[in-house]
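Please look through the structure shown below, and keep it in view while you read the paragraphs that follow.

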Amino acid sequence: MATAPAAAVRPASSAVLEPAAHATFTFDDTLARYGAEIYRFALHLTRNRSDADDLYQETALKAYRAWDRLPCDANHRAWFYRIASNTFLSDKRKSNRLRSLDADGAAEAIPAASRDDDGRLDAGALLREVEAFIENLPPKQRVALVQRKYLDIGYAEIAAILGCSEEAARRSVHEALKKLRERFGDRI
Amino acid sequence: MATSAGKAPRQTTTIGLKEAASLADDPCDVACEALPARIVGDLTDNDQSWLLEHTSECRYCANELRTYDRLGDALAAAGAIDADVLEPPPLNMPRRDRVWYTRIDSPIGDLILAATSHGLREIEFGTDVEDRAYADQLRQRGAEPVHVDRIEDANPEARANLERAAAQLSEYFGGQRAGFDVPLDWGAMPPFQRAVLEATADVPFGHLDTYAGIARKIGKPGATRAVGNALGRNPIPVIVPCHRVIRSDATIGGYTGGLDKKQRLLSLEGVMLSPGPRPSH
């Protein structure tokens, strides 16, 4: 006889977003769940390991301190990304310096994997220019592009992370790509 | 729902490119505007089909599509990160004890029991305290609270401590138990208060001591008032029997959980006292 079980069993995947979640999911659980992708986001934003490590550490600390004030029904993933993204944007504003290309920075810069090595002229140089282009985008466009292109995050969530409308998030990515086309279209 | 290249589906409902092109003056405008979306995986399968159909007939747009696809490849290559750096570094975080708490019934009202893996941390008179408010208190005391509806949902060590405390309290309230042997976790309690509470824990069932008496026992005979204050902050009432400590004039003294509870506990242990004129520690 097919009857519904008496006790409601919650699917594990949705549990973290349910209102009761905050009481039973600890900060450690949440960090364990999203830490790796937040670190990846930090690597994409900073493009070097030291800055990514710092951004990740700072993000985790801020998240930890704010954890108590987080509403129970908050989207923990978007919240984490938002802290990382705001930290990055405000660091960027504060220092307003570009990625240092001094000896240390160059040694630590993350090597781009699977570069096109099939003999096309200046492929490596072009990639470095594209990297530099991404770094010099207006910060919000850069965050939106990184999230959409490299982290496969949807616009609704990008909007939640950046605190803008979904349409504005989509437009940021679109504008960044149009600029990319203008800059590199005839050289590629 | 159709997705392209394994990316998340488009979040907004917009008309497809085919329909947009049929409404536009020039379908090439629609095609070129859609190309940036293509390289970040925003196009639906239908949009992709229309785009490919259009570019098979239009050389300008076909060129533009090739350019964008190469830009997409360049972006992907420029953004690629070696797998061996993807492991997050260890974090240097302030540590908090995880405290599991749950609610039980008792003849003196709801009790909230809170335990760590090391022992019972707190007993709170819970009748007028909501779980959320209690969790906030725990956090202010530097703990990381985890609420469980059922004791068996706590982690194994905390669960053992909660179960033992609940069982022994139930026996105590049922008149079947005089002493407790639940492991206690004093946390980061200051040494003076801990000495006061440990001395208090030695006062046997049905017996009384005084604030001055406890002060003498811990070797601080002048600290009567401080003993009263320390007992007023007793985090583990009932099991650390601060209800057995009264004023030297044999009046009842104070009780953080309410004097009625102190009297109730004492009468359960066969001790009858009249309330003093000034209920304070």
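Where chain A and chain B meet, 52 residues of chain A and 46 residues of chain B take part in the contact, contact meaning heavy atoms within 4.5 Å. About 4,600 Å² is buried between chain A and chain B, and carbon and sulfur atoms give 58% of that area; buried area here is the accessible area, found with a 1.4 Å probe, that two parts lose on being put together, summed over both. On the side of chain A, the residues that lose the most area to chain B are Tyr64(A), Lys149(A) and Ile188(A), which together make up 14% of what that side buries. The model is a predicted one, in which local features need pLDDT of at least 70 and side-chain atom pairs count only at pLDDT 80 or more, while totals for chains, interfaces and linings use all residues. Residues are numbered from 1 along each chain as its sequence is written, chains are lettered from A and ligands numbered from 1 in the order in which they are written, and side-chain values use heavy atoms, with hydrogens and water left out.

Turning to chain B, its secondary structure comes to ten helices and six strands, where helices (H or I, at least four residues) and strands (E, at least two) are DSSP runs numbered from the N terminus. Of its 281 residues, 50% count as buried, which means under 20% relative accessible area, whereas exposed means over 50% and partly exposed lies in between (1.4 Å probe, protein chains only). Among the contacts in chain B between residues at least 6 apart in sequence, 58% join residues at least 24 apart.

Chain B contains an open sheet of four strands in the order 3-2-1-4, with mixed pairing, two strands being paired if DSSP finds at least two bridges between them. Strand 3 (120-125) and strand 4 (143-147) of chain B each have a single partner strand, so they stand at the edges and one side of each is left without a neighbour in the sheet. From one strand to the next, the twist averages 25 degrees; angles run from 0 to 180 degrees between N-to-C directions, and axes are lines fitted to C-alpha atoms, for helices over the stretch in contact. Strand 2 (residues 111-115) and strand 3 of chain B pair in the antiparallel sense over five bridges, and Ala115(B) has Leu120(B), in strand 3, as its bridge partner. Helix 6 (residues 156-173) of chain B packs on this sheet, where it touches strand 1 (97-104), strand 2 and strand 3, and its direction makes about 145 degrees with that of strand 2.

Which residues of helix 9 of chain B are buried? They include Val227(B), Gly228(B), Ala230(B) and Leu231(B), and because these four cover an arc of only 165 degrees around the axis, they lie on the same side of the helix; the arc is that of the directions from the helix axis to the C-beta atoms. An α-helix has 3.6 residues a turn, so residues three or four places apart point the same way. The buried residues of helix 9 pack against helix 7 (191-201), helix 8 (211-217) and strand 6 of chain B.

Finally, Val238(B) lies in the loop between helix 9 (224-232) and strand 6 (245-246) of chain B. Its phi is near 75 degrees, a positive value in a residue other than glycine, and Val238(B) counts as buried at 0% relative accessibility.
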